[in-house]
Every structure is written in C-alpha cells, then in structure tokens.
Amino acid sequence: MIQLNNVSYCYNENDYALDSVSLEIKKGEFIGIAGRNGSGKSTLIRLINGLLLPLQGNVNVMGMDTMDNDSIIGIRKIAGMVFQDPQSQFIGMTVGEDVAFGPENLGLSHEDICGRVDTSLKAVGMYIYKDHTPRALSGGQKQKVALASILAMEPELILFDEATSMLDPVASEEVLKLIKQLHNKGVTIVYVTHRLEELIFADRLIIMDKGRIIHDDNPRKLLNEENILDSGIYLPPIIELSRRLCSEQVIEPIRLPISREELMEALCQLM
Amino acid sequence: MVKEMNSLFLSFVPGDSLLHRLDPRTKLVALMVASIYILNLSSLAHILFFTFLFMFLATMCKIPFMHFIRSVRPMLLFFVLIFLLQLLFTDGTHTFRIKWLTVSYEGLILGTLLVSRFVFLLLFAALLTATTSPSMITTGLERLLRPLPLRYLGVSSHDIAMMMSFSIYFVPLMYDNFKDLKDAQLSRGLNVKKNPFKTILAFSVPLINNSIRSVEDVSLAMESRCYRGTGRTSVHIMAFKGMDLIVLSSLAISSFFYLIK
C-alpha cells in the first residue's frame, strides 16, 4: 500500500531528520512508530501524507508518487492525518461544519456531505455535539471530532501523529478504542507515539532514532530484545516488570506478557 | 468561556426570527445598500428614519438592545473625538457660547451627522452578524463573489470567503491565547500597572508568535484535508425564498427612487 524507498529529509542543511529510510506498509496493518523526540517519527508520516516532500528517494502511496503534484489530492484522500493538538486542526465554527470541511473539499454533493458528517460523528460518539462550537469541548472530545473529520473523508489509511499525547488517560483510552475499532474494520493505521503501552497491540512496532529505523518487528518480540533500551525509549512499568520476571526465570521467557491482563494471567498461573 | 465569547461584539445570536431565516446573500446585499444610504445621511429626518428602522428590525429579531450597544461601545472614544472636532472646527453663521468655547450650529449638526453615520453602520453590521452565523456569512459572500472574474487576480471566491472565515475564527482563538498569556505573565510576577510599555511587549511578542504558529498548524490541517481553494462544495444550502424576493424587490424599488431623486 505504501512504500518509502531510501527517503531522506532535512529541515536544516546537513541535519537529516530522516536518513535513507525504506519502509513498506501493507493494507490493513497497524503500524506503531516510537522513538525519542527528534527521531524523525512525525517527519516520516508527514512525508506519507505529502505535507513534506522527500529530498532524496520517493514515497509511493497506492501507486501514486507524492512528488507528483496531480496525485497529491488523491494521496491525501487515501491517507488522512490526525495531529497532536486537536485545537489546531479545527477549521469550522461548529463541530458539524468542521467535519464537513474535508468532504466539501472533495466536491461532494450536499446530501453526501451531510450523510458523511452524521455517520462519522456517530462513529466517534460525538453526534450530539454537532452544533456545538469545538472550542467548548474537552481535549478528548476535540480529538474525537478531529478523528471524525478524517473519517468523513473515508480514508483507507489514517496517520496519527501523537494523537493522544495531550489527553488524560481516560480520554486516551477512549480514542485508542476507536482507533482499534477502525483497524478491525480494515482501515490501515500508522500510529506515532511516545507511549509504548499504546502500541502493544500493533502488528508491527517501528523504533526510530536519529532519522533512521533501528527496529521493525512484532511488538512482543521487540520488547523482549536485550538492546531495546539503547534506542532511548522508555519502557512502560508493566513491560519492565515482565522483562525482569522473565530474566529472573520467574515466568517463562518464551511469551513476554506485554499488557496488564497478560501479566496478571501469568502471575495467576504461578500461584 | 462560550458565554463570555458570545458577548463579544459583532457576534452571532441564534434565533428563529424572520431576519434569522433570510438568505445571507439577501442580508449582505441589504447591508451594502443600507451602507450607501447611511453614508449619505444629510438631515435629522434621515437619522430619525434609520433610528426607527433599526429599532423595528432589532425588535423583530428578538435580540436585546444591549447586544447592539456592546457593538458600538468599543468605538465610543472615536465617536466623541470626531464629534468634538466637527463641533470645534466648523465655521458657521449661527454661533453660541458654552463657557469659554464658541461653537456653531453647523458644527453641531455636522458632528451629529458624522457620528450617526458611523453608529448606524456599526448597528446594521451588528444586525447582520447577530442574525447570521459566521459560516453562513462567508458562504453567502462566496456565492455573491462567484460570478466575478477573480481568477484573473489569482484568487478564487473560495479563497476570499476562507480568509474572511479565518479572520472571524481567529478572534476567539486569539482571545483565549491572550487570556492564557495573561495568566502566565502575571504568575511570573509581571506588574501591569508599573510598566505599561514592558506589559505591551510581554503580551504582544508571544501573542504574535503563537498566532503565526496557529496559522501554520491550521494551514497544515487544511492541506491534509485536501483544501485547494477551488472545486469546493458546501454543507450549507442557499435558497432564495419568498421573503428574500420581497426584501430584494423593496431594496431595488427604493434604490430606483433614491437614484432618480
């Protein structure tokens, strides 16, 4: 679905934010991307959406090159993007108008726009706020509206740029639940975050550092690796504890428990 | 916060009056025509006519008069200034004295007419914004501008409508930003009364910086949602109804008589 071939990008001369990155994302995958600040995570997904253009290499989305100006709208139609700060994404005066902005740009009819607005707001549980001003909503509600705005464009892939980093744990959990539901419906997800615990259910976990992909594997396998901490990422306490219990041979190291439920189950089996 | 922002001047007050239901294009055209009449106010009879007309329309849309007074209040100092300038510096044949000042009747009338023009312009603009949501105003404006050959100027009617929409959109955003900044600066010991110049700098520099960043973020969000400036449709339906035709016909007839006068 998406192919990045030796892609490089720099904001300042000779200071590469992305350095010869090659990556392939298959349709329906849930890709988690983690890494410390400045590791190139956001740059990578902005290149996929065509908001940034590669200085070297090429980015291909469903057979369309992001460098091709005629394809850019088609690419953005396929690959929707949810940003970190929900407040900065609002364009409409009301929730309904904001969600309608994308379909309006696609030149859809009034009936189609209204239909998509209602469906996507219902999908995220925000339909009752349709006529409210987005500014009056809580952080979690704002991010749900931002997600609805992207859903209204019916994308095949959604890129999340630290979409839950400004939300409290409850709101984060709600947004994550919606993302998992979308993935179960077949939408390809690329999810960038600092919080590794949000990526344990991903099909693939990519760890980035200094503009390069240094790990790309199944989360369970990757989180069990000895050198995982060298990339500067912070392991969630549950995983730290699981790794410790595995290394001390308290629990079987074959299947590392990566969630609270899995760890509790492993400990219960011991008793 | 929403209640607070609703009290800002030139804001929308939801309702179901006849004025609320009129097509935004009708209201925009009516405001343009009314502005031409207002700029040509030349007698006290005209002032009385527009006062009654405004009071009639304001009563009809069931919005408290206080809302409209709030729209005029920020310009009060300006009105007093231009009135005084006209009063004191207009020569005339009929004069009278207020203590040591000699003023003319002509100056008094000219000052009153000039201030009335500005006040009525603001009041009628407030009537439009109070009865029409900002998005409907911008959609109406876009539809009115669509037949114009703007592409030769390198812009589209959508671009102009979007610019207008953003200027409305950023007012509450900047207000929020200002409030956050104020709290941040005061919590770090800024004494507003002690050094006004330093206060202006402490507020204006980060406010401009944050505004530019907000604009950058919004433009990225717009780009990622396929905004091109052309080929857009709208979630709002614009349709002239019977009342729109009556209002537009009345405007056309009054304009005709005004021109042949």
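Q: In this predicted model, which residues have the most contacts inside the largest nonpolar core?
A: As general background, nonpolar side chains in soluble globular proteins tend to be buried together. In this predicted model, the largest nonpolar core has 80 residues, and the element that gives the most to this core is H5(A), with 6 residues. The residues with the most contacts inside the core are A:Ile48, A:Val190 and A:Tyr191.

Q: Which residues is A:Tyr191 in contact with, leaving aside its neighbours within four places in sequence?
A: A:Tyr191 is one of the residues with the most contacts inside the largest nonpolar core. Once its neighbours within four places in sequence are left aside, its contacts are A:Ile31, A:Gly32, A:Ile33, A:Phe160, A:Ile179, A:Leu199 and A:Ala202.

Q: How many of the residues of helix H1 of chain A are buried?
A: Helix H1 of chain A covers residues 41-49 and is mostly covered. The buried residues of H1(A) include A:Lys41, A:Arg46 and A:Asn49 as well as A:Leu44, A:Ile45, A:Leu47 and A:Ile48, and A:Ile48 is also among the residues with the most contacts inside the largest nonpolar core. Just after H1(A) comes A:Gly50, with a positive phi of about 80°. For the helix itself, the buried count is 9 of its 9 residues.

Q: Are H5(A) and H6(A) roughly parallel or oblique to each other?
A: Two packed helices are described by the angle between their axes and the distance between the axes. For helix H5 (residues 139-151) and helix H6 (residues 169-184) of chain A, the angle is about 20° and the axes are 9 Å apart, while the crossing is right-handed. Since angles under 35 degrees count as roughly parallel, H5(A) and H6(A) are therefore roughly parallel.

Q: How do the residues of the contact of H5(A) with H6(A) divide into nonpolar, polar and charged?
A: On the side of H5(A), the residues that meet H6(A) are A:Gly139, A:Gly140, A:Gln143, A:Lys144 and A:Leu147, and their partners in H6(A) are A:Ala171, A:Glu174, A:Val175 and A:Leu178. By class, the residues of this contact divide into 4 nonpolar, 3 polar and 2 charged.

Q: How many nonpolar, polar and charged residues does the contact of H5(B) with H7(B) have?
A: H5(B) makes this contact through B:His67, B:Phe68, B:Ser71 and B:Val72, and H7(B) through B:Val119, B:Leu122, B:Leu123, B:Ala126 and B:Ala130. The contact has 7 nonpolar, 2 polar and no charged residues.

Q: Which helix gives the most to the side of chain A that touches chain B?
A: The contact between the chains takes 32 residues from chain A and 25 residues from chain B. Helix H2 (72-78), helix H3 (95-105) and helix H4 (110-123) of chain A each supply at least two residues of the side that touches chain B, and the residues of that side divide into 15 nonpolar, 11 polar and 6 charged. The helix that gives the most, with 6 residues, is H3(A).

Q: Is A:Ile239 buried or exposed?
A: A:Ile239 is found in helix H8 (residues 237-247) of chain A, and, not counting residues up to four places away in sequence, A:Ile239 touches A:Leu196, A:Leu223 and A:Ile258. A residue counts as buried if 20 or more other C-beta atoms lie within 10 Å of its own; because A:Ile239 has 22 other C-beta atoms within 10 Å, A:Ile239 is buried.

Q: How many other C-beta atoms does A:Asp68 have within 10 Å?
A: A:Asp68 lies in the loop between strand S5 (64-65) and H2 of chain A. A:Asp68 is partly exposed, and the number of other C-beta atoms within 10 Å is 13.

Terms used. Residues are numbered from 1 along each chain as its sequence is written. Chains are lettered from A and ligands numbered from 1 in the order in which they are written. This is a predicted model: local features need pLDDT of at least 70, side-chain atom pairs count only at pLDDT 80 or more; totals for chains, interfaces and linings use all residues. Two residues are in contact if their C-beta atoms, placed from the backbone, lie within 7 Å. Helices (H or I, at least four residues) and strands (E, at least two) are DSSP runs, numbered from the N terminus. Ala, Val, Leu, Ile, Met, Phe, Trp, Tyr, Cys and Pro count as nonpolar, Asp, Glu, Lys and Arg as charged, and the others, Gly among them, as polar. Axes are lines fitted to C-alpha atoms, for helices over the stretch in contact, and angles run from 0 to 180 degrees between N-to-C directions. Angles under 35 degrees count as roughly parallel, over 145 as roughly antiparallel, 65 to 115 as roughly perpendicular and the rest as oblique. A crossing is left-handed if the near helix is turned anticlockwise from the far one by less than a right angle, and right-handed if clockwise. A nonpolar core is a set of buried Ala, Val, Leu, Ile, Met, Phe, Trp, Tyr and Cys residues joined through C-beta atoms within 7 Å. A residue is buried if 20 or more other C-beta atoms lie within 10 Å of its own, exposed if 12 or fewer, and partly exposed in between; C-beta atoms are placed from the backbone.
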